[in-house]
Structures are given as C-alpha cells and as structure tokens.
Amino acid sequence: MIQFKNLHKRFGKLAVLDGLDLSIKKGGIFAILGPNGSGKTTLIKCLLGMVIPQKGDIFYNDKSVLKKWSYRNELNYLPQIANFPPNLSVQELIEMVKNLRPKESNEQELIDLFGLNDSLQKKLGNLSGGTKQKVNIVLTFMFDSNLIILDEPTNGLDPIALIHLKELIKKEKEKGKTILITTHIMSFVNEVADEIVFLLDGKIYFKGAIDELKKQTNNDDLEHAIANLISKQYA
Amino acid sequence: MLKILKYSFYDLMRSRWSYVYFLFYLLLGFVLLFLNNDVNKAVITLMNIIIVLTPLIGTIFGVMYYYNSKEFTELLLAQPINRSKIFMGQYLGISISLTLSLVLGLGIPFVLYGLFKSTAIFNFSLLLVVGTFLNFIFVALSYNIALSTENKIKGFGYAILMWLFLAVVYDGIFLISLVMFNEYPLDKFSLVATMFNPIDLSRILILLKLDISALLGYTGAVFRKFFGTNLGMLLSMLILVFWVLIPIVRMNFKLRKKDF
C-alpha cells in the first residue's frame with residue numbers, strides 16, 4: 001500500500017533519513033519506533049507531503065505522491081501538537097475541516113464518545129491541552145479513509161479518553177484499515193500494534209512482529225527489547 | 001482557496017487587534033476632521049500617517065499571523081489542498097481584513113462629515129487605494145520573510161528592519177546621495193530610486209494628485225516634470241502592482257521547497 005524508496009532527507013548537515021526503504025502492506029497497525037530524533041516524524045511528514053525529500057520516491061496505492069495533493073483525501077492524519085486558531089469555536093473548526101474535504105463524516109458519534117458536547121461552542125483558545133487533543137482525535141477519525149496516521153496520539157489524554165482511543169483504533173483495524181502510529185509509550189504499542197518498524201540512523205533497523213523482536217533481543221519485555229535496540233546506537 | 005480565505009478572514013475579524021486597528025482609524029478620522037475642519041487638509045495629514053502606519057501594521061500582522069497559525073497551517077497541509085492555495089488564502093485573508101479596517105475606519109468619519117459633497121472625494125479615494133496597495137505589499141513582504149525564517153524572534157526582527165529600512169532609512173540614504181552628488185544630473189537616478197521603494201512611490205502618487213508636489217520634495221517635482229500627472233500616476237500604479245506580484249511569485253516559489 002505504501003512504499004518508501006531510497007528516501008534521503010537532510011536538514012542542513014544533519015542527515016535524518018539516509019536511503020530509507022520501507023514497504024507497508026494494507027491492513028494492520030504499524031508502530032513506528034525509534035529514539036528521539038531518529039526521523040519518525042520526518043518519515044510521516046514526507047508521506048504527507050509536508051517535508052520534501054532530497055532524493056527517493058514515495059508511492060501510495062502505486063502512485064507517486066511527491067508534489068501531489070489530492071491523494072491526501074484518502075488518508076487521515078493526527079498531528080503531534082494540537083494547536084488551532086484561538087478565535088474559532090470547536091464546532092466551527094469541525095465544520096471547516098468538513099468543508100475542506102469532500103467526504104462523509106461521522107463527527108457526532110465521536111463527539112459523544114469523548115464527551116465534547118459541552119465544549120462545542122467554546123473557543124479553541126480556551127480549551128485545555130487534553131481537550132484540544134480530543135478535538136484533534138475527532139478531526140482525524142471522523143472521515144472514513146484507508147490510511148490513518150497518528151503522531152503521538154496519547155499526548156495529554158486522561159485514562160478514559162485513552163481507553164476510547166484504543167477502542168477506536170481497534171475498531172478501525174477491524175474494518176481492514178492501515179494505521180501508522182508513532183509513540184514512546186511501549187505499553188500502548190504492546191497493546192495495539194501488530195508490527196514494529198524501528199528506525200535508527202535514518203534507516204529501518206528492524207521490521208517485524210513484536211514477538212520476533214522479543215526473540216531477537218532475548219527480552220520478554222517490549223520496553224527492554226526496544227531499550228536494547230536503542231542502546232546499540234550509543235555503544 | 002476561497003474556503004481558506006474565508007476562515008482566515010473570519011478568524012482575524014474576530015480577533016481583538018482588528019478592532020483596535022479599526023477603532024484607531026475611526027478615532028483618527030474624527031480627530032483630524034475636528035481639528036482641521038476641512039476635508040482637503042485632513043487628507044494631506046492622513047497621507048503622512050497612512051504611508052508610514054499601514055506598512056508597519058501590515059508587516060506586524062503578516063509575521064504575527066504566520067507564526068501564530070503555524071500548527072494550524074500544518075493541519076491544513078495534511079488536508080487535500082494545494083500548498084500554495086493555503087498560503088494564498090491566508091495572505092488574502094490578512095490583507096483584506098486589514099484593508100477593511102482601513103477603509104471602514106476612515107470612511108465612516110469622512111462620509112459622516114460630508115465627503116460626498118466635497119471636492120476631496122477623488123483624493124480621499126486615492127488615499128484609500130494607496131493604503132490598500134501598501135497593505136497588500138507589506139503583508140506579502142512580511143510573509144516572505146516569515147516563510148524564509150524558521151525562528152520567530154528573528155523573523156519579527158527582520159520584518160521590522162525591513163519596514164524601518166523602507167520607511168525611514170531609505171529616504172535618508174536617498175537624501176544624502178542627492179546632497180553628495182548634487183553636481184551631477186540626478187533626475188533619472190531619483191526616479192529609479194523612487195520606484196524601488198513602495199512607500200516613496202505611494203507618497204509621490206498622492207502628491208502628484210494633490211498638486212503640491214513642488215512643495216513637498218525633489219522626487220515629486222521630477223516625476224511631475226517627466227511624466228505629467230496622468231501618465232505618472234498610471235506608471236506608479238503599475239509599479240505598485242508589481243510590488244504586490246513579485247513577492248507573491250517568490251512566496252509560491254519558496255513554498256515548493258519548504259519543509260513544515
């Protein structure tokens with residue numbers, strides 16, 4: 001479904017992606033992991049067309065996405081930092097995003113799920129960080145797309161919202177969707193992810209199921225297995 | 001693009017600063033008319049204020065909006081919209097809302113005072129047209145600076161420096177060079193030098209129309225002598241249009257390679 005081919009991206013002297021090759025098949029939850037600054041967000045932003053790679057190509061449904069924009073109607077993206085225009089209300093923002101995408105949406109269901117009904121008329125500038133993240137999640141999940149990209153989705157969520165989020169992710173997976181997640185919370189990965197993609201030095205260091213990783217690193221605990229991978233970088 | 005424009009415009013129209021800006025012009029209009037008691041004189045005073053103030057406000061609003069809406073822009077970038085449409089929509093949203101503050105803020109007191117019965121109506125509209133041009137030019141210039149500068153503080157600094165240069169320093173250098181080289185023929189030099197500064201150009205445009213160019217500066221007289229009023233005005237208008245278009249073209253060029 002998605003192919004990254006020989007992707008190079010450097011910011012000044014720092015090479016973030018260094019000839020990365022990765023292909024992701026349709027269906028399932030893929031956790032993109034790696035130490036801080038390993039290029040997880042850059043990789044996702046390349047796919048979204050927000051960061052423009054110096055070399056290489058990206059294919060989504062066998063079509064190159066570089067310099068195109070209409071393919072973005074087929075994917076949902078949850079950005080890392082939820083920051084919206086402070087003068088708009090939640091309702092207006094939802095209407096606006098709906099207006100921008102010619103697609104069916106089921107926002108009411110999600111608004112009920114996250115208990116946002118009381119906040120609909122509030123200005124976005126007056127919302128707490130966690131509530132903003134809930135709005136962010138509603139905006140991401142209200143469209144029906146085959147690919148869902150979540151960048152640090154658990155940021156600032158309370159336990160109940162976190163449970164709802166996990167249920168939501170599982171429900172989307174059952175519909176046969178492809179979900180990419182970056183996160184640093186290993187228990188979350190352990191619970192939801194089918195496969196792990198581990199980035200190191202701008203390349204894919206490991207790709208496979210969680211059990212494979214545990215076997216390869218001789219660790220029963222995912223957190224330690226990942227720490228084991230990262231420590232190799234420092235060694 | 002229209003959708004983005006609509007929301008940027010809506011967002012700005014609801015922010016406090018648009019109202020402060022609007023009320024400032026409203027107050028300025030009333031005070032000037034009250035003090036001068038004459039629409040024509042008020043227009044001249046207004047010119048001096050508009051020519052310095054609209055570029056400053058346009059510059060500040062431009063960089064401020066860009067940096068403040070950065071994360072929201074990222075949300076938009078992930079939507080199925082063309083990049084340049086997002087930024088053109090924002091750019092037009094800011095420029096139009098600033099222009100509306102200017103036109104309504106000054107228009108209301110002048111209309112109430114009896115502008116439509118006065119002979120100054122043409123001069124007054126020209127003033128608003130020039131103010132509008134300056135809004136569009138300086139928002140575009142500041143958007144260029146903001147797009148090229150990742151650091152917010154630096155971006156603000158560069159933008160203010162740009163305004164300071166065009167509004168104050170440029171004239172200083174211009175005058176010094178006129179004094180230094182006054183043994184040489186300077187007509188052509190001063191003509192060209194004027195075109196490279198939209199603030200000077202706007203000033204001359206209004207002065208030509210107000211028929212007091214001989215009183216107010218060397219360049220105005222040269223312009224008048226060379227082009228005659230109508231051609232001069234057409235030419236300066238054309239150059240102002242270029243001052244809007246060139247930054248917009250550069251903005252779109254820059255956007256093609258920019259990472260967010």
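In this predicted model, helix α7 (residues 210-217) of chain A lies across β9 and β10 of chain A. Its direction makes about 110° with that of β10(A). Both strands belong to an open sheet of 6 strands in chain A, ordered β6-β7-β8-β3-β9-β10, with mixed pairing. The edges are formed by β6 (75-78) and β10 (203-209) of chain A, each of which pairs on one side only. On average, and ignoring direction, neighbouring strands of the sheet are turned by 15° against each other.

Within the sheet, β3 (residues 28-33) and β9 (residues 195-200) of chain A pair in the parallel sense over 4 bridges. Leu33(A) stands opposite Phe198(A) in β9(A). Helix α4 (residues 129-141) of chain A also packs on the sheet, where α4 touches β6 and β7 (147-151) of chain A.

| Helix | Partner | Angle |
|---|---|---|
| α4(A) | β6(A) | about 170° |
| α4(B) | α5(B) | about 140° |

In chain B, helix α4 (residues 70-77) packs against helix α5 (residues 83-113), with the axes 10 Å apart. The two helices are therefore oblique to each other, and α4(B) passes α5(B) in a right-handed crossing. Thr73(B), Leu76(B) and Leu77(B) of α4(B) make the contact with Arg83(B), Ile86(B), Phe87(B) and Gln90(B) of α5(B). By class, this contact has 4 nonpolar, 2 polar and 1 charged residues.

Ser69(B) is located in the loop between α3 (39-68) and α4 of chain B. Because its relative accessible area is 9%, Ser69(B) counts as buried. The C-alpha atoms of Ser69(B) and Gln90(B) are separated by 9.7 Å, although these residues are 21 residues apart along the chain.

Note on methods:
Residues are numbered from 1 along each chain as its sequence is written. Chains are lettered from A and ligands numbered from 1 in the order in which they are written. This is a predicted model: local features need pLDDT of at least 70, side-chain atom pairs count only at pLDDT 80 or more; totals for chains, interfaces and linings use all residues. Side-chain values use heavy atoms; hydrogens and water are left out. Axes are lines fitted to C-alpha atoms, for helices over the stretch in contact, and angles run from 0 to 180 degrees between N-to-C directions. Angles under 35 degrees count as roughly parallel, over 145 as roughly antiparallel, 65 to 115 as roughly perpendicular and the rest as oblique. A crossing is left-handed if the near helix is turned anticlockwise from the far one by less than a right angle, and right-handed if clockwise. Contact means heavy atoms within 4.5 Å. Ala, Val, Leu, Ile, Met, Phe, Trp, Tyr, Cys and Pro count as nonpolar, Asp, Glu, Lys and Arg as charged, and the others, Gly among them, as polar. Buried means under 20% relative accessible area, exposed over 50%, partly exposed in between (1.4 Å probe, protein chains only). Two strands pair if DSSP finds at least two bridges between them.
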